[in-house]
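Reader: Hi! I have a structure on my screen and would like to walk through it with you. Could you help me find my way around?

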Amino acid sequence: MLPEEFIRVPEVPSGVLELPAMPLRDLVVFPTMVVPLFVGRDFSIRAVEEALKRDRLIFLVLQKDKSIETPGGGDLYGVGTIAHVIRSAPIEENRLKLLVQGIKRGRLIEYTPKENFFTATVEPIEEQELDPESLSSEIKAYIRSVKEQLDAAVSFGKQVIPDLLMLIKDLEEPGKIADLTASLLDIKASEAQRVLETADPIERLKLVHQLLQSEVGLLEVQSRIRGVAREKIEKEQREYFLRQQLKAIMEELGEGDERRAEIEEYRNKLRKLKLPKDSREEIEKQIRRLEKLHPESAEAGVLRTWLEWVLDLPWDKSTKDRYDLDKAREILDRDHYNLEKVKDRIVEHLAVKKLTKGKSHTVQILCFVGPPGVGKTSLGRSIAESLGRRFVRISLGGMRDEAEIRGHRRTYVGAMPGRIMQAIRQAGTKNPLIVLDEVDKLSLSFQGDPAAALLEVLDPEQNKNFMDLYIGLPFDLSEVFFVCTANRVDTIPRPLLDRMEVLYLSGYSEEEKVFIAKNHLLPKLLTEHGFKSEDVIFSSDALLEVIRGYTRESGVRNLQRQISSILRKLALRRLKGEPLPFEVKPQDVKGFLGVSKRHTMSEEKPMVGIAVGLAWTEVGGEIMLIEATKFKGKGNLILTGSLGDVMKESAQAALSYIKSKAEEYKIDPDVFSQVDVHIHVPEGAVPKDGPSAGVTLATALLSLFTGKEVRTDISMTGEITLRGRVLPVGGLKEKILAAKRAGIYKVILPSKNKDEVMEDLPEYVRDKMNLHFVDNLDEVFGIIFSKP
């Protein structure tokens, strides 16, 4: 209980009073309220001393602006509290601690400075006396509600002196209840002043009830927040306690240190990585899961493998591109002969990067198309070296499972990431050069279409957030330089081909092969077989003999094998004691490699119904013989040799043209209905298609019906129409080189291909070849049936 002197209110004389005044900065003292005050301003200390000399009464009034050090009358509110100084004690120099009790409200009439303090002329405001028994039900309800709200505030954690709470519960006077309750509220000084200035006890009770209700609502929210926080803390404490117990158990089992070290290692790796927020949260979640799992469980093994993959990926590691154009050109020229268009394209890419200071986001997906052995894959390695990037190769030949590209879902036993993410991890940087080898040999099966999966990988608009099914987190592939290789483009799906810049690499001429063998193949092969450069001397003629007699290819792979075969035999001779150096001459080649496989068409005798055509295949240009014969029948056309639909239609067109020109070529028109014609293209196991054999088919048919022999020292290619026009075709450089390899130096070509041929064909090849450009079949026949 409060001391009796605190509860007993001294009498205040009636009438206007002159009392020492003490302005308060941010506190309102209510009647019957006992409150401690700390006094520091000189005029306030003198006012207290004056009050103690008199009857201990002092007038306490709130300042409108608490920052004013010496307030005047206009700086004070008009209503204050006449208070009784219960106790006063100095606490330090020029500071007092007071205990005062509010007695009655007072209206400030005048505020006057004295010698060293202020006095206030105050008119006491008498409290309206109300009989508790005569109060209306509404007022009683307000009184009860105030008491209940106080109980609620205490239940939500508000600190209230128990004795004061009991005193309020025992009171029934609305005014006193309002004043005591207001003294307990955490409200602004201006709101407390509004309560003090409300003289009517009923209105004052309603106002305090409203303020109390607001505070209880706030306390309820605070209590709920504290409850949530407390639950979280309790949960964390419980988890910590259980974890400590688990730690002790694992230490007893001898597993604790190793497991902790493993988890800590994962967390350290994660801290070092710069990851998107979502990815980091997912990895942290999986680490926590692993921490709770039994180390020997199957799920823990799956999680451990996943974490090792994810944390080993180069999320934030990249190499800096090298923009030295001269150095890049030097590397490309060192490793590859000719291929000027491809080299120019790489140097142009570097030039753009250099001008934009590496900020250019141009498409970096190239596709090298050409026959085997011309250096498509090794060119990718040279590009990587010239750029200063890591190099990784992915072989796509025969791939038929979409999961090989996009990865397997973790639910499957033995699941792993796709080949793309494996290559990224192998490279150790997020911007390597990746060669997708043999992109034209992807297969389609019930397991999905890998080519469709590559659409996302090779699309710069989509691969910024490539999602491997195993990794399950988006990875940025936009900085990867993709290079694809293929032997042909017709087997590459059109949407996939549309995402790539296609660069065609044609086959090498004999002169180019000799240069490549001397400057690229021999130095490497000599080292591999234990020789120094001066130990073995290959003459250019010997290399040419190997090329002509033992290789029939567009590239240089077979040439490399044949040279290796010679070097192995020389290595054996060296071990048997034969002196160095060894010199390889043209006449020695047969002794090393056996009988020559050379076969030149120009040595063949001219025959009726046989014409020499040129074909383009995925391994380069080839000579293609077309044979035609006739026998008694009803005018049927028989086609054999695994011919495709387009080639069959070319044969029909050629026969129709010959029929239409029968009289001009002195052919009996009736013969076409009396015989069957059989056209055969040898090597029947090899599929053949395309329109470029039209000229050759027409020549073979005309020879057949006129009995004229066709020259074998001339080859030809070109599409024909029913009117005998010769249309342009593709793959001409490879076809001309194939003719040259076969010893045929005269070639008939469509005139519309002239500019292309003159640009692509090296000058030293053009000088050796006799190229005839024609517009119609009459020109073809004039050349092919002429005497050599």
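Reader: Let's start with valine 646. Is it buried, partly exposed or exposed?

Author: Valine 646 is partly exposed, because its relative accessible area is 35%. Keep in mind as we go that this is a predicted model.

Reader: Thanks! Which helix is valine 646 in?

Author: Valine 646 belongs to helix α22, which covers residues 645-660.

Reader: And how far is valine 646 from glycine 690 in space?

Author: The C-alpha to C-alpha distance between valine 646 and glycine 690 is 5.4 Å, while 44 residues separate them in sequence.

Reader: Nice. Switching to strands: how many residues of β7 are buried?

Author: Five of the five residues of β7, residues 365-369, are buried, so the strand is largely enclosed by the rest of the structure.

Reader: Which way do the β7 side chains point?

Author: Ile365, Cys367 and Val369 point one way, Leu366 and Phe368 point the other way, and all are buried. In a regular strand the side chains alternate between the two faces of the sheet.

Reader: Which strands does β7 pair with?

Author: β7 runs parallel to β12 (residues 481-486), joined by five bridges. β7 also runs parallel to β13 (residues 501-504), with four bridges. For landmarks, isoleucine 365 has phenylalanine 482 as its bridge partner in β12, and phenylalanine 368 has leucine 503 in β13.

Reader: Great, I can find those. What about β3, how many of its residues are buried?

Author: Six of the six residues of β3, residues 57-62, are buried, and the strand is mostly covered. Leu57, Phe59 and Val61 point one way from β3, with Ile58, Leu60 and Leu62 pointing the other way.

Reader: Now some backbone geometry. What is the phi of arginine 56?

Author: Arginine 56 has a positive phi of about 70 degrees although it is not a glycine. Arginine 56 sits in the loop between α2 (42-53) and β3, and it counts as partly exposed because its relative accessibility is 34%.

Reader: And glutamate 438, what is its phi?

Author: Phi of glutamate 438 is near 55 degrees, a positive value in a residue other than glycine. You'll find glutamate 438 in the loop between β9 (433-437) and α16 (450-457). With 22% relative accessibility, glutamate 438 is partly exposed.

Reader: What kind of peptide bond joins leucine 580 and proline 581?

Author: That one is cis, with omega about -5 degrees. Proline 581 lies in the loop between α20 (557-575) and β15 (582-584).

Reader: Last topic: which residues make up the patch of positive charge on the surface?

Author: The patch gathers Lys235, Arg238, Arg243, Lys285, Arg288 and Lys292. Helices α7 (201-253) and α9 (277-292) each supply at least two residues of the positive patch.

Reader: Where does lysine 292 lie, and is it buried or exposed?

Author: Lysine 292 lies in helix α9. Lysine 292 is exposed, because its relative accessible area is 65% and exposed means over 50%.

Methods
Residues numbered from 1 in each chain as written. Predicted model: local features only at pLDDT ≥ 70, side-chain atom pairs only at ≥ 80, totals over all residues. Heavy atoms only, no water. Patch = residues over 30% accessible without salt bridge, like charges linked within 9 Å, V, L, I, M, F, W, Y side chains within 5 Å. Areas by Shrake-Rupley, 256 points an atom, 1.4 Å probe, with all protein chains shown as cover. Salt bridge = Lys/Arg side-chain N within 4 Å of Asp/Glu carboxyl O. Lys, Arg positive; Asp, Glu negative; His and termini not counted. Charge placed at Lys NZ, Arg CZ, Asp CG, Glu CD. Buried < 20%, exposed > 50% of the residue type's maximum accessible area, 1.4 Å probe, protein only. Pairing = 2+ DSSP bridges.
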